[in-house]
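Okay, thanks for coming, everyone.

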Amino acid sequence: MSAGAVKVIAVTGGKGGVGKTNVSVNLSYALSQMGRRVVLMDADLGLANVDVMMGLSSNRNISDVLAGQCRLRDVLIPVNENFSIVPASSGTQEMTMLSVHEHAELIHAFNDLAEDLDVLVIDTAAGISESVVSFVRAAQEVLVVVCDEPTSITDAYALIKLLNRDYHTARFRVLANMVHTEQEGRNMFAKLQTVTDRFLEVTLQYVGSIPYDETVRKAVQRQTAVLEAFPKSKAALSYRQLATKADAWPVLTTPRGHLEFFVERLVRGKLPEN
């Protein structure tokens, strides 16, 4: 990865319960084990869960950065040498309704980290709220997590349709989670691709699957990444394979810094038309 280039990956899914946060945590952890400097942002701004899942706590969170009480560096919670988390606030409804200015302040805060960062992973909230769409459409890579439930495919399609129709996002990567066989994952992808091919002008890329694995549930109970708790498990192996693929995804070339590009896309999407 070239010096100064920051890869921005939004992990989303349309609905809750697909294991999106688990994917965000373990993908970030796996990338950090490869020597990448990773920050995971909990973008479920009003209902924080990444820090809880990892058994971490902080006196400050992203709302304090927005209030001008501290810098982004001050709220980072280190997980290991290369991996830190930006915690969200919990039970703060105002954080789910940020203004254009507040969104800009939030992402501009990341410029403070740009020199020390290779990958920014964004764990979005469930649903297709304005906040979710803002973060997803601003990212360079959109990783859509699906599981074997009819509502998962339906909601993933709804999110892809919204992003394609209203914001012309045309490329999505799809991960099948909690599968019992590799073929099950490919079948899920085929269902989603069939409907997008019929109604939308988008390109979907299947990036693989994460198997259903009891060690994932045990790792959640221990409040740690499955890669740390059960590094030889089937799930951990699959996350390392996913991280290897994600590491090879190209970083978009832009005239300015990549986080600045992220800021501009985020804010441009929220500014009123002249």
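Predicted model: local features only at pLDDT ≥ 70, side-chain atom pairs only at ≥ 80, totals over all residues.

Residues are numbered from 1 along each chain as its sequence is written, and side-chain values use heavy atoms, with hydrogens and water left out.

So, the sheet. It's an open one of 8 strands, in the order S3-S4-S2-S5-S1-S6-S7-S8, with mixed pairing. Strands here are DSSP runs of E, at least two residues, and helices are runs of H or I, at least four, numbered from the N terminus. Two strands pair if DSSP finds at least two bridges between them. At the edges sit S3 (77-80) and S8 (203-211), each pairing on one side only. From one strand to the next the twist averages 25°; angles run from 0 to 180 degrees between N-to-C directions, with axes as lines fitted to C-alpha atoms, for helices over the stretch in contact.

Look at S2 (residues 38-43) and S5 (residues 119-124): they pair in the parallel sense over 6 bridges, and Ala43 has Thr124 in S5 as its bridge partner. Helix H1 (residues 20-33) packs on this sheet, touching S1, S2, S3, S4, S5, S6 and S7, and its direction makes about 170° with that of S5. Touching, or contact, means heavy atoms within 4.5 Å.

Buried means under 20% relative accessible area, exposed over 50%, and partly exposed in between, using a 1.4 Å probe and protein chains only. Glu141, Leu143 and Val145 point one way from S6, while Val142, Val144 and Val146 point the other. Parallel neighbours are S1 (residues 7-12), joined to S6 by 4 bridges, and S7 (residues 171-179), also joined to S6 by 4 bridges. Ile9 stands opposite Glu141, and Val146 opposite Ala176 in S7.

On to helices. H5 (residues 130-138) lies across S1, S2, S5 and S6, at about 145° to S1. The axes of H5 and H6 come within 11 Å and cross at roughly 70°, so these two are roughly perpendicular, a label for 65 to 115 degrees. Val133, Val136 and Arg137 of H5 meet Leu162, Leu163 and Tyr167 of H6.

What about the cores? A nonpolar core is a set of buried Ala, Val, Leu, Ile, Met, Phe, Trp, Tyr and Cys residues joined through side-chain atoms within 4.5 Å. The largest has 45 residues, of which Leu72, Leu120, Val146 and Leu192 touch the most other members. Its largest share, 7 residues, comes from H6 (residues 150-167). A second, separate core of 38 residues includes Leu40, Met54, Tyr239 and Ala246.

Most residues other than glycine have a negative phi. His168, in the loop between H6 and S7, has a positive one of about 60°, and this residue is exposed, with a relative accessible area of 65%. Gln223, in the loop between H8 (214-221) and H9 (226-229), also has a positive phi, about 55°; at 36% relative accessibility, Gln223 is partly exposed.

That's my tour, thanks.

Conventions:
Parallel < 35°, antiparallel > 145°, perpendicular 65-115°, else oblique.
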